Amino acid sequence: MAQNGSNSTVKLLGTWSSPFALRGRVALHLKSAEYEYIEEADVLNSKSDLLLKSNPIHKKVPVLIHGDVSICESLNIVEYVDESWPSKPSILPSDFKDRAAARFWAHFVDGNVSSFTNTFVSDARLFKGLRSNQCSIKDCRTNPK
Ligand SMILES: N[C@@H](CCC(=O)N[C@@H](CS)C(=O)NCC(=O)O)C(=O)O
């Protein structure tokens, strides 16, 4: 397995509305890593074969595909990128107590963000359907276009 992030091809599966996917992208950009970004167009309703294969447990984005390894969960991805790309800057603090604090706040944010993004994504679909007169509010909520 590659010890250095620059030795293998890197792909990140994400979707435009996902702050979790953005977290992975920011980590890769901080390390100036070259990677291919693959957009999941409608991750709530239709998942690509690549996503299902690379994250069979949660079936969620983001997934980092590094060579033949799939890394799931955004915080796990950030730590993996930090450790696999030894170049500066370091993403997590070097002191273990500071790292514990960083993880605490990251988990705290996650606990509050995911319900917000799911509402945001479903409302975005609702407004799209209403704007194009494809459905009434009630229809769009139950069957968004
Ligand atoms: N704890 C996960 C959360 C990932 C997540 O909730 N991803 C959402 C997009 S924001 C998703 O893929 N949802 C698809 C689904 O729920 O089926 C992480 O940090 O990566």
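**Close-up views of the strands, core and ligand site**

**View 1. Leu64 stands opposite Ile71 in β4.** The model is predicted: local features require pLDDT of at least 70, side-chain atom pairs count only at pLDDT 80 or more, and totals for chains, interfaces and linings use all residues. Residue numbers start from 1 along each chain as its sequence is written. Four bridges join β3 to β4 (residues 69-72), and the two strands run antiparallel. (Strands pair if DSSP finds at least two bridges between them; helices, H or I with at least four residues, and strands, E with at least two, are DSSP runs numbered from the N terminus.) Also in this pair of strands, Ile65 stands opposite Ser70 and His66 stands opposite Val69. The hairpin of β3 and β4 has two residues between the strands, and Gly67 in this hairpin takes a positive phi near 65°.

**View 2. The open sheet has four strands in the order β2-β1-β3-β4, with mixed pairing.** The edge strands, β2 (36-39) and β4, each pair on one side only. On average, neighbouring strands of the sheet are turned by 20° against each other, direction ignored (axes are lines fitted to C-alpha atoms, for helices over the stretch in contact, and angles run from 0 to 180 degrees between N-to-C directions). β1 and β3 run antiparallel and are joined by four bridges; Leu13 stands opposite Val63 in β3. In the protein as a whole there are five helices and four strands, which follow the pattern β-α-β-α-β-β-α-α-α along the sequence.

**View 3. Both sides of β3 carry buried residues.** Val63 and Ile65 point one way from β3, Leu64 and His66 point the other way, and all are buried. (Buried means 20 or more other C-beta atoms within 10 Å of the residue's own, exposed 12 or fewer, and partly exposed in between, with C-beta atoms placed from the backbone.) In a regular strand the side chains alternate between the two faces of the sheet. Of the 145 residues in the protein, 21% are buried.

**View 4. The largest nonpolar core holds 16 residues.** (A nonpolar core is a set of buried Ala, Val, Leu, Ile, Met, Phe, Trp, Tyr and Cys residues joined through C-beta atoms within 7 Å.) Leu13, Ala27, Val61, Val63, Leu64, Ile77 and Val81 touch the most other members. At least two residues of this core come from each of β1 (10-14), α1 (19-30), β3 (63-66) and α3.

**View 5. Trp16 is found in the loop between β1 and α1.** Trp16 counts as exposed because 12 other C-beta atoms lie within 10 Å. Trp16 and Glu40 are 24 residues apart in sequence, with a C-alpha to C-alpha distance of 8.2 Å in space.

**View 6. The ligand is surrounded by 15 residues.** The closest are Ser18, Phe20, Lys60, Val61 and Ser74 (a residue is near a molecule or strand if its C-beta atom, placed from the backbone, lies within 6 Å of it). α3 (74-84) and α4 (96-131) are the elements that give two or more residues to this shell, and the largest share, three residues, comes from α4. By class, the shell has six nonpolar, five polar and four charged residues (Ala, Val, Leu, Ile, Met, Phe, Trp, Tyr, Cys and Pro count as nonpolar, Asp, Glu, Lys and Arg as charged, and the others, Gly among them, as polar). The ligand lies between domain 1 (7-92) and domain 2 (93-126), because both give residues to the shell around it; the domain bounds come from an automatic or database domain assignment.
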